[in-house]
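Colleague: I am new to this structure and would like to learn how to read it. Please take me through a few features in turn.

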Amino acid sequence: MIKVYDIETFANCFTYTDYDPKSKEINVFVISSFRDDSVQFKAYLDSIKKYGMVGFNNLHFDWPVTNFIYNLLQPTAEQIYAYAQSIITEEKKEYTKVWIKQLDLYLLNHYDNKARSTSLKALEVSCSWDNVMDMPLSHTTLIDEHLLQQVLEYNLNDVLFTAKFYEMCADKIKLRKQIKKKYKLDVINKSDVVIGESIFLKYLSDAMDTPVQELKQIRGRRTDVPIKDIIFPYVSFKSKELNNILRLMSETHSSAYYLANFIESINTKKSTNELYDKFKENNIDVKKTAQQKKSFSFTAHYGGVRLDYGVGGIHGCVSPGVYSSSDEYDILDIDVKSYYPNLFIQNRLHPRQMDQDTFVQVYSDIFDQRVIAQKAGDTLTSDALKLSLNGLFGKTGSDVSCFYDPTVFYAVTVNGQLLISMLLESLYMNGCEVIQVNTDGVTIKHHKDKKEEIMRICKEWEQKTKLTLEYANYNKMIIRDVNNYIAVGKKVKEKGCFETKKDWHKDNSFMVVPLAVRNYFVDGTPIEDTLKKHKNILDFCGRYKASRGWHAEYVSLKDNQENRENYGKIYRFIPVNKGGTSLKINKDGRVHNLLDGYQTIPFNQVTPIKKKDLNYQFFISECQKLIETIQPPQMRLF
């Protein structure tokens with residue numbers, strides 16, 4: 001049994017609300033000058049010790065505050081508020097003893113990571129919650145009995161959404177519970193990467209007969225990496241362009257001072273223009289390189305595409321357009337199976353602070369056990385070991401991990417893109433048209449007569465690298481760039497701006513647009529047909545997520561008087577034929593229209609709306625803009 005809960009802290013008022021998804025019971029406690037439930041609240045906490053508590057960012061906020069109240073003899077709202085503010089303002093989170101089990105959906109989904117950071121309100125929008133409420137009051141507001149009702153309404157809304165989000169995370173939670181049972185690891189509030197590291201440490205601990213805690217104390221050295229020292233000996237090219245990339249990488253030390261070192265190695269008495277030409281001759285993008293503080297960045301033109309090399313991998317793509325197979329030509333996608341794990345295993349890579357034989361053997365055993373689990377239909381073991389295999393690589397670049405080693409990190413990333421380049425070169429030199437190149441594969445268009453030759457090239461590459469390739473045929477590819485495309489094969493693959501389903505933490509504004517564009521390109525459905533037939537009204541909504549200093553307001557006319565409504569940090573709105581103006585406003589006075597040239601209405605709270613009232617011209621225009629990045633305007637038919 002669990003209690004989904006949330007708290008609110010004000011200068012003179014504290015509220016606690018929880019919800020039992022099974023019994024539907026709701027419990028509310030208030031501590032203020034006009035209502036003091038502190039005794040009942042403490043007794044209630046004692047009564048649910050055997051339960052679990054579920055929240056959002058509760059492990060580092062809601063629970064410490066709750067525990068603080070429990071341990072005070074006579075807690076006051078002012079004491080609670082002061083403690084809550086100290087948690088918010090402190091930079092380092094302190095551990096609070098957990099005596100009622102806590103499940104934190106914020107940590108479980110890794111929203112504490114800067115790249116994935118999101119709020120509960122933003123999730124309410126992306127998860128199609130009917131009522132997206134922002135706190136109508138400042139935390140400094142003095143709450144009275146009248147305002148209390150607003151606070152409790154807001155508090156309950158957050159709790160009910162958290163309960164829904166808890167259900168949406170069921171598979172993640174189930175996997176963590178199974179991992180705890182199977183591996184004796186408490187990972188309920190851990191991200192996938194941390195779980196992967198924990199499982200690997202478990203295997204390594206058994207192999208080395210060393211406690212996990214002792215292994216965690218191992219640290220690698222922070223060091224510059226001479227790229228020439230980590231390039232595999234079998235890496236080679238025939239073309240001038242790719243050999244030049246290999247030479248440049250071999251001359252590079254991956255460090256914060258790479259750009260300065262490069263400049264020092266050439267004649268700095270030359271003019272600025274001559275120096276710039278020198279960079280261009282060496283296929284180095286000056287601006288991009290200067291922005292790379294701890295890495296390198298190179299550019300080459302080969303196979304009719306621009307290839308960008310960087311710490312994140314290799315990327316290249318043809319010009320925007322629609323590329324189709326035919327009676328004579330096939331589109332073939334070639335990916336490396338489990339690329340990074342197999343690079344580790346086949347090349348015996350290991351963090352230098354660990355024994356090579358033991359590390360490689362453990363990595364190989366985990367890989368083999370996952371293959372066996374996949375064949376046996378053991379989803380738990382397969383999923384758990386996948387986290388271990390994939391998560392380890394990232395930890396080699398984290399200086400707080402025992403697996404940290406810049407040398408092995410760059411050995412994987414640099415050789416990964418060089419090996420893909422070798423495959424690309426062989427395919428291109430044998431008459432294949434390059435469509436895309438990415439970190440773990442290439443996509444080509446080839447004459448059907450070339451199929452046997454292509455398979456021969458791939459087999460030779462597999463023999464040289466000891467890696468395995470996987471293949472998929474596409475009927476059509478709709479491409480804007482390497483990160484934004486639709487690939488149509490046995491299944492439809494969507495990336496970037498064409499995604500019709502997005503991760504919860506991403507902006508899901510106007511999702512009907514990529515859906516209509518997908519139907520247009522894949523099925524030939526006119527844009528307006530999709531727009532008019534689509535039933536989910538929330539897919540027509542936009543989302544504004546305010547950054548620091550900004551908030552959203554809706555301005556409309558009511559009885560010929562200007563009416564303003566403040567919607568705070570998260571605002572959901574919809575373009576209509578007749579409405580008002582949605583604005584984002586900064587505290588310094590700056591004002592911007594969220595949808596310039598179009599009228600809108602707020603939609604934080606879902607209300608009945610007739611489809612005919614939607615401004616279809618806005619959505620048609622947005623679809624046209626996206627289509628025009630792929631096809632010239634004269635080729636579009638609606």
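Colleague: Which elements each supply at least two residues of the lining of the second largest pocket?

Modeller: A pocket is an open set of points on a 1 Å grid over the protein atoms alone, where a 1.4 Å probe fits, with protein on both sides within 12 Å along at least five of seven lines; lining residues have an atom within 4 Å of a point. Here the elements are E4, H2, E5 and helix H7 (170-183). Helices (H or I, at least four residues) and strands (E, at least two) are DSSP runs, numbered from the N terminus.

Modeller: This is a predicted model, where local features need pLDDT of at least 70 and side-chain atom pairs count only at pLDDT 80 or more, while totals for chains, interfaces and linings use all residues. Residues are numbered from 1 along each chain as its sequence is written, and side-chain values use heavy atoms, with hydrogens and water left out.

Colleague: How many residues line the second largest pocket, and which are the closest to its centre?

Modeller: There are 34 lining residues, and Leu59, Gln102, Asp186, Ile188 and Asn189 are the closest to the centre. The space in this pocket is about 1,000 Å³, a volume being the space filled by probe spheres set on the points, which are joined across faces, edges and corners.

Colleague: What is the order of the strands in the open sheet of 5 strands?

Modeller: Strands of a sheet pair through backbone hydrogen bonds, either parallel or antiparallel. Two strands count as paired if DSSP finds at least two bridges between them. In this sheet the order is E3-E2-E1-E4-E5, and the pairing is mixed. Strand E3 (26-32) and strand E5 (101-104) each have a single partner strand, so one side of each is left without a neighbour in the sheet. Strand E1 (residues 2-10) pairs with strand E2 (residues 13-19) over 7 bridges in the antiparallel sense, and Tyr5 stands opposite Asp18 in E2.

Colleague: Which strands does helix H1 lie across?

Modeller: Helix H1 (residues 38-47) lies across E1, E2 and E3, at about 140° to E3. Axes are lines fitted to C-alpha atoms, for helices over the stretch in contact (heavy atoms within 4.5 Å); angles run from 0 to 180 degrees between N-to-C directions.

Colleague: Which residues of H1 are buried?

Modeller: Buried means under 20% relative accessible area, exposed over 50%, partly exposed in between (1.4 Å probe, protein chains only). In H1 the buried residues are Ser38, Phe41, Lys42, Tyr44 and Leu45. They cover an arc of only 160° around the axis, which puts them on the same side of H1; the arc is that of the directions from the helix axis to the C-beta atoms. These buried residues pack against E1, E2, E3 and helix H2 (58-71).
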